[in-house]
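Subject: Structure handover, salt bridges

Hello,

Here is the structure for your files. My notes on its salt bridges follow below.

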Amino acid sequence: MTTRMFTSPLFLGFDHLEQMLERASKTSSDGYPPYNIEQISSTGLRITLAVAGFTMDDLQITQEDNQLVIRGRQTDDSQGRIFLHRGIAARQFQRSFVLAEGIEVRGAWLDSGLLHIDLAKPQPEVRVKTIPITRNSVGSALRPNGAENGPVVESRPEQG
């Protein structure tokens, strides 16, 4: 059951925000792997995930619409090894982040067990647009039902 947040008629075209919020609420609340999000400049963000034991071949980063998805899958290389204690598990994970419109993934790198992903957020531009108001003349406006105005045809009763 979904609770609609933008029910006011003043919020036109915000359906995608509700979908993004719903997607964010479905993300796993599992704390693995731990991560940081930092602002590195006025337009730059960096996500850092602690992925000790993972190699670049074990990790996959995809952007699916406005969702950044990081997956990790380690291969079990314990064959022929005898563990007296195994505290470092070969564990898989999936961590998702919902991105705002226009955020771009700039790059990713692995360094000392930390996966860094750099993002760039666009600077909002101030847009002011003046909308001219015209007279309702032939072909200049839409009728309330969405049809374009055409020539007006008057019907007169036949005289006879």
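First, the criterion: a salt bridge is a side-chain nitrogen of Lys or Arg within 4 Å of a carboxyl oxygen of Asp or Glu. This is a predicted model, where local features need pLDDT of at least 70, side-chain atom pairs count only at pLDDT 80 or more, and totals for chains, interfaces and linings use all residues. Residues are numbered from 1 along each chain as its sequence is written, and side-chain values use heavy atoms, with hydrogens and water left out.

Arg46 and Asp118 form one of them, at 2.6 Å from N to O. Arg46 sits in strand β2 (residues 44–50) and Asp118 in strand β7 (residues 114–120), so this pair ties together parts 72 residues apart in sequence. Strands here are DSSP runs (E, at least two residues), numbered from the N terminus. Both Arg46 and Asp118 are buried. On the terms: buried is under 20% relative accessible area, exposed is over 50%, and partly exposed is in between (1.4 Å probe, protein chains only).

Glu64 pairs with Arg71, with the closest N and O atoms 3.3 Å apart. Glu64 has 37% relative accessibility, so it counts as partly exposed. Arg71 is partly exposed too, at 26%.

Glu104 and Arg106 also meet through their side chains, at 3.4 Å from N to O. Glu104 is partly exposed, with 43% relative accessibility. Arg106 is exposed, its relative accessible area being 58%.

Best regards

Technical notes
Helices (H or I, at least four residues) and strands (E, at least two) are DSSP runs, numbered from the N terminus.
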